[in-house]
Amino acid sequence: MKFPIPLRFGIASAVLALVGLQLASCGGGSSPSNNMIPPPTSANNVQPVVVNSGPANNYVNGIFTSVTVCVPSTSNCQTINGILVDTGSYGLRLLSSAGGGALTLSLPQQTSSGNPIGECAGFVSGFTWGPLKTADITISGEHAGNVPIQVVDPTFSTVPEPCKIRGVPENDTLQTLGANGILGIGPFAQDCGSQCTLTGMSNPNWYYSCAGSSCQVIPMPLAQQVQNPVPFFATDNNGVIVELPAAANPVPTLSGSLVFGIGTQSNNTLGVSSIFPIDASGNFSTSYKGQTYPAFVDSGSNGYFFLDSNTTGIPTCPSNSGFYCPALTANLSAMTSSGSVSETINFNVSDADTLFSNSANAVFNTLGGPNTGMFDWGLPFFYGRNVYTAVESKNTPGGVGPYWAY
Amino acid sequence: MVPVAWVLLLNLPAFAVLGGDASSLRDDQVHMNASLRSTQMPAYTIHELRTPAGTIVREFAASGGRIFAVSWNGPAAPDLRQLLGPHFEDFQQAAAAQKTRGPRGVLFIQQNGVVVQMGGHMRSYAGRAYLPDQLPTGMRVDDLR
């Protein structure tokens, strides 16, 4: 079952035409192949994105796009809409039709000693479970070949115990995931990283070798983990820019662009943005009223999530208890910093119960809620701001990644 | 042949941590194969465990030894069944029943006298679970880090 998102992208028709040609050149679906147009000298690096309630119509402040996947080195392809664009994770995950998602294309299964490999990928508010596969990926005019991805599939083997004891819900259905997949284009090249290459109790239990319904944790070399597709591109492979215009509050949708590359073309220069290098955990700092917290920029978080009612004096909502409900709009200020670079961010938080009163709306630039001891600059932070994410060890005109710039 | 340490782990009883007494701390240390450091504050003690996967778990004990809060921070999500003890099943059900149009990227569950919060992002997980009625007088939620 497919839930196509409305195509309200604010992009020049010429660019849309180019996207169409690139997708058609993959040979998938019912589009006629077109081999009369010569390839562009530099890749089209602009992918339309839209903020709306998503393919399950249950999201707020969700930023979605489409991705084309192909069986590696074939023209057997599928284009999937309603994929969440997430700078807080790394790698492509597609929800299988078994989970109510759009993916029906059969992709090659990765194995360990002949057994299928499964993954329990760690998100903060849930985990995704399913097999490790490979695909050729096309987004805008950018191509990534033979990339390990996760297919999210609740019917794959059996969810292992070390995955369940994290306590968070299994997000393996269209309702629970709220998307047909997640495009993780954050600052790291692999989803788990060096931790998953270790054995024994040092391993965080993400990758499994599954014989029938029995899965055992296996160490996973970096190159075989689920990969951020951006470093696989031939060009424009050092990072991304999420570009969203300022949003009225509240509105049903907001259109913008995901631009690939930093300083590789005339449309992705750094300009006057400040550059904030991030640490090995993927964090920088944010100070609020004299206290400093680890912080991060995350398009996959749907609000400003910071502090607690006790510290801010802002109560949580009677109805939507995970969000703040100040009596009057709270005008707040916090300082983001990394090393000697800092920038003060002014932001507003208003009553989420009131914001949600009209269910047609899905874009809220004043949505906030409590957090643990971290400061989460979620999607409202991106409204009216171009946010650059540079991938680890990649060169850019602003230095070597990983960093954020805005 | 099963290693001896593994046998010990399997033989551990089910026990409480959040809401449990100081003896559960030792159980946690064994279960997580963690190193332990304790810091005495005026109104409570922080027992800090570091798991082999690099995650810091802090357990906050009142003067009588009862653990009123746990927090964690690091590259791997902790064994929450172990840390929440008898509160785990309730938490799991509440987390799975989250309403639509809810928070994404954080988790905030408040029920039956227990608050559980999670935040962070892939490769960097932070969280805390506490019994709000049992925080020492004057202690702030923001201190639970």
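**View 1. Cys192(A) and Cys196(A) are both buried.** Here, buried means under 20% relative accessible area, while exposed means over 50% and partly exposed lies in between (1.4 Å probe, protein chains only). A disulfide, counted when two cysteine sulfur atoms lie within 2.5 Å, links Cys192(A) with Cys196(A), at 2.1 Å from S to S. The link is right-handed, with 80° about the S-S bond.

This is a predicted model, in which local features need pLDDT of at least 70, side-chain atom pairs count only at pLDDT 80 or more, and totals for chains, interfaces and linings use all residues. Residues are numbered from 1 along each chain as its sequence is written, chains are lettered from A and ligands numbered from 1 in the order in which they are written, and side-chain values use heavy atoms, leaving out hydrogens and water.

**View 2. Cys70(A) is joined to Cys77(A) by a disulfide.** The two sulfur atoms sit 2.1 Å apart, and 105° about the S-S bond makes for a right-handed link. Cys70(A) counts as buried because its relative accessibility is 2%. Cys77(A) is buried as well, at 9%.

**View 3. Cys210(A) and Cys215(A) form another disulfide.** Their S to S distance is 2.1 Å. The torsion about this S-S bond is about 110°, so the disulfide is right-handed. Cys210(A) is buried at 2% relative accessibility, and Cys215(A) is buried with a relative accessible area of 13%. Over all chains, the structure holds 5 disulfides.

**View 4. Chain B has 145 residues, and 54% of them count as buried.**
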